[in-house]
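Please read them with the structure open.

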Amino acid sequence: MNKYINISKNFLKKRPQDITLKLDSEFIYLPLSTTSKILFNPGKVLKKETIIAMNSTNIPLITPVSGVFLGIKEMPNYENKNIKTLVIKNNYKEETNKKIASKRNLSKYSKEVILLIIQRLNIKTNKDKNLFQEIDREPKKIYINALCDEVNNYNNEFRLLHNKDLILETISALNTIFNLEESDLLIKDTSSEVISVYKEFLGSFPNINLHLIKDVYPISRYEVLSKYLLLNNKDLVINLEDIYKLGYALKRQRFVTEKLLTISGPVVLDPHIYELKIGTKLSEILNINEIKEKYDIWINNYLEQNKLLMDDLIIDDNVNALIITDKNLSLPKPCNNCGICYTSCPIGLNPKKLDQKEINEKCLKCGLCSYMCPCNILIHKKEVEIHE
Amino acid sequence: MNKKVTNKDIVLNYLFLLIPLVLFSCYKNGYLLYNKNLVTLLYVFKPLIMFVTSLILAFLIELIYSNIQKVSILKTMANSYLPLYGALFSLIVPVNIHPLLYIFLLIIILIISKLEFIKINPLAFGRILFIITSFIIGTYTYLNVYEENVLVSYDLWDILLGKSIGASGATSIFILTIIFFILITKNYYKKEIALSSFITFFLLDITLIIITKDLTKINLLIDSEIVFASILIIPLLTKSPYTKIGKLSYGIITSIIGFIISSLFLPKEGIYIACAISSLFIKYFDILEDKLPKRRLKLCK
Ligand code: SF4
Ligand code: SF4
């Protein structure tokens with residue numbers, strides 16, 4: 001346990017009160033993969049949940065609102081890179097072809113249907129493996145990863161509290177359909193409210209265990225978690241949000257078109273969790289310029305040091321939190337060879353050798369080495385040359 | 001559980017840990033002699049005065065440096081290791097060192113450690129400078145006033161509790177062991193170096209005793225100077241290798257060289273001379289790890 005770092009002590013934690021709905025974006029920008037085929041021409045009025053594009057592996061791109069398809073526009077993504085997006089102007093009618101449906105018992109689904117939906121939703125397991133292939137290979141156990149690395153990110157906590165029934169029912173259905181003896185729901189040992197709520201309800205789900213995990217960084221990464229839990233290849237780890245998407249698709253027979261976004265951080269007095277349409281432009285919910293003058297905004301995680309550079313950021317599946325901190329004015333000092341970065345790396349890499357391709361490929365980009373460096377060197381970003 | 005530490009935290013932690021050694025030195029080299037009417041009351045506090053002087057000089061040198069570089073002294077001090085080097089130096093010279101010689105040597109090692117292109121361990125270098133200068137002026141001794149005047153013979157308990165002959169702050173193996181056990185809980189302490197150097201020295205000494213059948217050779221090992229150097233000087237945070245293989249090999253090789261010098265020529269100085277030599281090659285110790293990259297990466301999978 002000595003190897004892991006508890007970062008929460010160094011950060012002010014303030015919890016949002018409740019989820020704030022913000023579903024009225026004027027424009028929606030859907031990131032388009034390079035292999036996708038667009039199925040409509042610009043100008044077409046589309047209903048909500050229409051498949052607007054399909055990629056080479058038959059993963060559909062769904063419209064989260066009804067409105068006019070305006071065409072393609074380049075917009076910045078979570079890596080501050082411009083990518084192609086499909087632009088839809090919201091007509092606020094929320095028209096859809098889908099009937100409102102609700103399946104009573106998810107365990108009644110056949111294995112084939114579940115596998116098809118898992119494939120359509122492109123759900124991954126154990127770091128980028130396809131769940132629909134892995135779950136068909138008789139896994140021993142599944143672990144639902146409801147851990148959140150970032151101290152100020154509350155998405156999973158709120159998802160667990162607001163969608164408890166759907167989440168538990170979905171896990172239980174997976175256990176039944178795929179003949180699993182049991183599944184573990186992994187929750188941080190510091191999430192006291194979630195723990196007390198789930199302890200009360202898990203009595204009705206004997207094949208789901210509540211598994212409390214130390215609140216250390218970066219425990220939610222598969223590479224670290226699998227070492228910590230001593231997982232083998234037959235154990236599958238599935239992210240909580242994917243379980244929610246799967247459950248939603250099974251229960252309501254439609255796709256999730258909204259997502260949660262935490263806006264929080266040590267300097268935020270009034271942290272929020274927003275429920276937004278996937279593809280919303282950040283500037284529609286936040287006055288970025290005003291904030292950027294005084295503070296730094298970090299995408300997803302302060303430690304990763306992925307700073308928000310462009311105001312037009314698109315909130316897609318990869319953007320889960322915005323962490324706002326004071327501007328860091330301390331300049332890096334020359335490396336003093338203390339080796340703290342190396343002893344801190346959760347997977348034993350030498351961060352000073354990240355310029356070597358094979359080491360860089362294994363790096364989780366978790367930023368722990370840079371965070372721990374007493375000389376403030378952003379080693380994992382390689383922004384500063386390390387002088388020895 | 002590890003947590004983030006700044007350079008200031010590291011230096012302050014070390015300084016706090018060194019205080020018991022300073023106080024013990026005041027007791028052993030001051031109070032006990034004062035009781036025998038051998039020294040004045042001021043002399044009782046000489047180790048403490050040397051310790052504080054080193055901190056003041058470290059500050060003054062950083063002040064001059066920050067004025068030259070036109071940077072804030074507060075920022076410079078927050079990341080400065082000079083107070084630590086200074087404080088450690090005050091503990092590795094004998095208490096009866098001439099004050100002017102002490103200040104002269106202190107200034108030299110502080111300046112040397114400020115010059116980043118000089119890679120040598122400044123404390124080991126300082127100790128060598130002390131040997132040379134005190135040999136030249138004919139004052140080379142680690143005996144305090146009492147030890148100089150009577151023929152002393154310390155038994156094992158005396159040695160462990162610190163009543164042995166040695167540098168100002170380097171006599172109490174007991175306090176040093178406590179410091180070591182505190183330091184190994186810190187993520188910034190290079191414990192691999194400390195352990196590998198001490199264990200190597202231990203094994204070499206045992207081998208020597210077995211070969212020569214001379215039990216007095218155990219004195220080489222239970223000399224508190226070896227323990228002090230293994231715990232605080234060889235693993236000096238900023239002047240030692242940082243990779244695992246580098247740290248282990250550095251500790252082992254320094255000890256081997258140190259043992260040879262100690263057993264053949266200078267029992268108290270061997271480990272410092274070895275440390276000065278091997279600190280010149282820190283970079284190469286770290287490169288050693290590159291020779292085994294595949295094995296290491298497999299472990300990380
Ligand atoms: S080297 Fe990579 S994996 Fe290791 S701490 Fe740094 S960012 Fe994380
Ligand atoms: S990069 Fe930072 S943590 Fe790593 S050895 Fe250098 S100073 Fe220490």
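**Notes on the predicted model**

1. In this predicted model, domain 1 of chain A and domain 2 of chain A bury about 2400 Å² between them, with 56% of that area coming from carbon and sulfur atoms. Buried area here is the accessible area (1.4 Å probe) that two parts lose on being put together, summed over both. A:Arg15, A:Phe255 and A:Val256 supply 24% of what domain 1 of chain A buries against domain 2 of chain A, more than any other three residues.

2. The contact between these domains involves 31 residues of domain 1 of chain A and 23 residues of domain 2 of chain A, contact meaning heavy atoms within 4.5 Å. Their C-alpha centres are 24 Å apart. Chain A is split into domain 1 (8-98 + 255-326), domain 2 (106-252) and domain 3 (340-381); the bounds come from an automatic or database domain assignment.

3. Conventions: residues are numbered from 1 along each chain as its sequence is written, while chains are lettered from A and ligands numbered from 1 in the order in which they are written. Local features need pLDDT of at least 70, side-chain atom pairs count only at pLDDT 80 or more, totals for chains, interfaces and linings use all residues, and side-chain values use heavy atoms, with hydrogens and water left out.

4. Around ligand 2 the residues include A:Cys335, A:Cys338, A:Cys373 and A:Cys375.

5. Two backbone features of chain A deserve a look. The peptide bond between A:Tyr217 and A:Pro218 is cis, with omega about -5 degrees. A:Tyr92, not a glycine, has a positive phi of about 55 degrees. Most residues other than glycine have a negative phi, and most peptide bonds are trans.

6. In chain B, helix α1 (residues 7-35) has 29 residues and spans 41 Å from first C-alpha to last, close to the 42 Å expected at 1.5 Å a residue. The expected span is 1.5 Å times one less than the number of residues, and helices are DSSP runs (H or I, at least four residues), numbered from the N terminus. α1(B) bends by about 30 degrees at B:Tyr27, the bend being the angle between axes fitted to the seven residues ending there and the seven starting there.

Technical notes: Near = heavy atom within 4 Å. Helix = DSSP H or I, 4+ residues; strand = E, 2+ residues; numbered from the N terminus.
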